[in-house]
There are 2 protein chains.
Amino acid sequence: MARRSVAEAQQTRATIVERSVALASIEGLEGLTIGRLAGDLRMSKAGVLGHFGTKEELQLASVAEAVEVFTREVWGPAAEVAPGRARLLAIADAWLSYLERDVFPGGCFVTATAIEFDDRPGRVRDAIAAAQGRWMALLEAEARRALAQGELPRGTDPAAVAFHLNALAVGTNQARRLLHDDRAPDHAWRAMRTLLGAPRARRRHPA
Amino acid sequence: MARRSVAEAQQTRATIVERSVALASIEGLEGLTIGRLAGDLRMSKAGVLGHFGTKEELQLASVAEAVEVFTREVWGPAAEVAPGRARLLAIADAWLSYLERDVFPGGCFVTATAIEFDDRPGRVRDAIAAAQGRWMALLEAEARRALAQGELPRGTDPAAVAFHLNALAVGTNQARRLLHDDRAPDHAWRAMRTLLGAPRARRRHPA
DNA sequence: CGTTATAACGACCGATCGGTCGCCAAGTCA
DNA sequence: TGACTTGGCGACCGATCGGTCGTTATAACG
């Protein structure tokens, strides 16, 4: 092949990142190799790497893309809901739906790469930790808002609420991916509703 | 070097597995390489591999060793306590202590390898899934016992209790490893106590 | 049109991967 | 003691890793 237009080149880059995220969610961000990715896209290694320079840059681009997808999937629907407990409940629903629909083929990208890189200092780890930290801070802020609005019991620790919601999500991811336990989302849903003091009627399953 | 006695050879093998588990908890079970492990032990690659034949056998031996350590650390102390809720509370304490003491240098070995291998069919994945499944079944059985003894509210789902405890543990592991959040074990402890209907007085920190 | 910039390629680099092979030294045992 | 067994070693294998380089074809621009 030869050179494509600028617009096509950007499209190529986006395609590479998209595929990289999908593969990395399965094989890990380090386990993914340029050659494998290139073969999958019917491109040469040089053609793939030319867009990023180094594997680390490709990894950083993949993390950024995955965070964007997660944000769109989980925060997107909840952003339209009133702040406070209602929004936390919307986040809970969107989060579990995101996990159940297997938005990434290998399970939650952030959870997988977080564990893979938690002991590997570097820019990739920093990017993952920053994203996770921002998300936890967002949850905590929303819990604090709910508390201020009297929607949570006095004395509730907003940081503990954020921790608890995240734990139930990563627990759901693990139970589904490793043990193929499809009851996990229901367990998590009920636990999240209880945590937020909401009724635990039967959950409406996503289509 | 040359041949050692049979007893020494078994000791060598145990040393290799021990080191393999430690390294794998940091770099992952696949990311760990024979050469790296051999260099770390001041042995040749052939000397290391001779004990196992293939990398997969070394991985299986590492999983078995890690499961043994986890069982000794978490189940060991709880086994002496009366079955039911008391034992679940003992498991909760031992589990969080196990995480806080960083028994494996890279965080919980099982959690890390579970996410690494959840999409890689094979004997290693099977071994990890079997161990995790056994542990969840054990938790569920203990919860069922507690329920039968009237120590948990009627209508409680034992499987949900097991799921919830595990979720809080893996959430603790993630928060500590990635975000260096030392409050996580306290959050998890309070949540576990609440889940099991136990008082939430201040937690005694392990030495 | 001619010039320039560049996406993508094939060939190739040194390093490292998991794994094999033959050898040797020392423990084991008749 | 001498035959046998075996843990561990060094050398080496083909494959693959991340990455470089020079070339080519074409879009973009004067």
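## A first look at the helices and the chain contact

Let us start with helix α5 of chain A, which runs over residues 85–100: its 16 residues reach 23 Å from the first C-alpha to the last, close to the 22 Å expected at 1.5 Å a residue. Please keep in mind that this is a predicted model.

Next comes α7(A). At 1.5 Å a residue its 26 residues should span 38 Å, and the 37 Å between its end C-alpha atoms agrees with that.

| Helix | Residues in helix | End-to-end C-alpha distance | Expected span |
|---|---|---|---|
| α5(A) | 16 residues | 23 Å | 22 Å |

Buried residues of α7(A) include A:V124, A:I128, A:A131, A:L139 and A:E142. The buried residues of this helix pack against α4, α5, α6 and α8 of chain A, and also against α8 (158–179) of chain B. After α7(A) comes A:G150, with a positive phi near 70°.

How do α4(A) and α7(A) lie against each other? Their axes are 9 Å apart and meet at an angle of about 10°; the two helices are therefore roughly parallel to each other. On the α4(A) side the contact is made by A:E56, A:Q59, A:L60, A:V63 and A:V67, and on the α7(A) side by A:R123, A:V124, A:A127, A:I128 and A:A131. By class, the residues of this contact are seven nonpolar, one polar and two charged.

The largest nonpolar core has 108 residues, and A:V110, A:M192, B:V110 and B:M192 touch the most other members. Setting aside neighbours within four places in sequence, A:M192 is in contact with A:A92, A:L165 and A:L168.

Finally, we turn to the two chains together. 35 residues of chain A are in contact with 35 residues of chain B. On the chain A side, α6 (109–117), α7, α8 and α9 each supply at least two residues, and α8(A) gives the largest share, 14 residues. That side of chain A has 16 nonpolar, twelve polar and seven charged residues.

Methods:
Residues are numbered from 1 along each chain as its sequence is written. Chains are lettered from A and ligands numbered from 1 in the order in which they are written. This is a predicted model: local features need pLDDT of at least 70, side-chain atom pairs count only at pLDDT 80 or more; totals for chains, interfaces and linings use all residues. Helices (H or I, at least four residues) and strands (E, at least two) are DSSP runs, numbered from the N terminus. The expected span of a helix is 1.5 Å times one less than its number of residues. Axes are lines fitted to C-alpha atoms, for helices over the stretch in contact, and angles run from 0 to 180 degrees between N-to-C directions. Angles under 35 degrees count as roughly parallel, over 145 as roughly antiparallel, 65 to 115 as roughly perpendicular and the rest as oblique. Two residues are in contact if their C-beta atoms, placed from the backbone, lie within 7 Å. Ala, Val, Leu, Ile, Met, Phe, Trp, Tyr, Cys and Pro count as nonpolar, Asp, Glu, Lys and Arg as charged, and the others, Gly among them, as polar. A nonpolar core is a set of buried Ala, Val, Leu, Ile, Met, Phe, Trp, Tyr and Cys residues joined through C-beta atoms within 7 Å. A residue is buried if 20 or more other C-beta atoms lie within 10 Å of its own, exposed if 12 or fewer, and partly exposed in between; C-beta atoms are placed from the backbone.
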